[in-house]
Every structure is written in C-alpha cells, then in structure tokens.
Amino acid sequence: MATERNLETSKLEFFLDVPFPSSHEATIALRSLAPDKEPRRGGISKQLSVSGSTLSVRWSADEARILRVSVSSFLDHLSLVVETMEVFGPPVDL
C-alpha cells in the first residue's frame, strides 16, 4: 500500500495489493469489484488487475478528498466480497 504524487502529472496515486488464497479467488474478487465505475467522470481513475493470487488496484486522483472517498468505498466493497467468499466457502470448479 502506497500513496505518492506523480511529479509529471501532479496527481495523487494510491496503490493497493490484496493477496488471496488462490488466483481463482482473486479473479472472483476482480469480477465482483470491476463493474463499480467511479461516479464522477473527472478527477479520479481506478485500475484493477490480477497477477497470480494478488488483486492489484491503482488509483490516480486530482484531489486527496476524492481519492480518500474512492479508496474508502472500494475497501467497503472489498470487505463485503471477502466476507461473502468466506461464508460460501472456496470456489468450486464446474
């Protein structure tokens, strides 16, 4: 987890890596969280990707307040996804 300011664009950037027990679970989390687009067109962008069993998220924002709200909302949704996976157990291949 890291926050920094991109000197070329003067945007704030925040990076988060979330490890999962398996790549399948990381992909499930990605597919559950990816549909949530940022409600505001300008000022912030969010990119999600999976590498192995790690879900990586990268935000870029014009203002700290917008970044904080987006990250907080994402963490709430991530918590719900993780809790749901724990309740239903590990994924089953069909």
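This report describes side-chain interactions in a predicted model.

## Basis of the model

Residues are numbered from 1 along each chain as its sequence is written, and side-chain values use heavy atoms, with hydrogens and water left out. Because the model is predicted, local features need pLDDT of at least 70 and side-chain atom pairs count only at pLDDT 80 or more, while totals for chains, interfaces and linings use all residues.

## Surroundings of S56

S56 belongs to strand β4, residues 54–61 (strands are DSSP runs of E of at least two residues, helices runs of H or I of at least four, both numbered from the N terminus). Its side chain makes a polar contact of 2.7 Å with that of D17; such a contact is a pair of N or O atoms within 3.5 Å, where within protein one must be able to donate a hydrogen and the other to accept it, and residues adjacent in sequence count only if both atoms are side-chain atoms. Apart from neighbours within four places in sequence, S56 is in contact (heavy atoms within 4.5 Å) with L16, D17, Q47, L48 and S49.

## Salt bridges

The structure holds three salt bridges, each defined as a side-chain nitrogen of Lys or Arg within 4 Å of a carboxyl oxygen of Asp or Glu. D62 and K11 form one of them, at 2.9 Å from N to O. This pair links distant parts of the chain, 51 residues apart: D62 is in the loop between β4 and α2, and K11 in the loop between β1 and β2. D62 is partly exposed at 40% relative accessible area, and K11 is partly exposed at 25% (buried means under 20%, exposed over 50%, partly exposed in between, with a 1.4 Å probe and protein chains only).

R58 forms a salt bridge with E13, with the closest N and O atoms 2.6 Å apart. Since R58 lies in strand β4 and E13 in strand β2, the pair ties together parts 45 residues apart in sequence. R58 is partly exposed at 28%, whereas E13 is buried at 5%. R65 and E63 also meet in a salt bridge, at 3.6 Å from N to O.

## Aromatic cluster

The structure holds two aromatic pairs. The ring centres of F14 and W59 are 5.6 Å apart and the planes stand at 50 degrees, so this pair is tilted (rings of Phe, Tyr and Trp, the last by its six-membered ring, pair if their centres lie within 6.5 Å; planes under 30 degrees apart count as stacked, over 60 as edge-to-face and the rest as tilted). F14 in strand β2 and W59 in strand β4 are 45 residues apart. F14 is buried at 10% relative accessible area, and W59 is buried at 0%.

W59 also pairs edge-to-face with F74, at 5.3 Å centre to centre and 80 degrees between the planes. W59 lies in strand β4 and F74 in helix α2, so the pair ties together parts 15 residues apart in sequence. Both W59 and F74 are buried. F14, W59 and F74 form one aromatic cluster.
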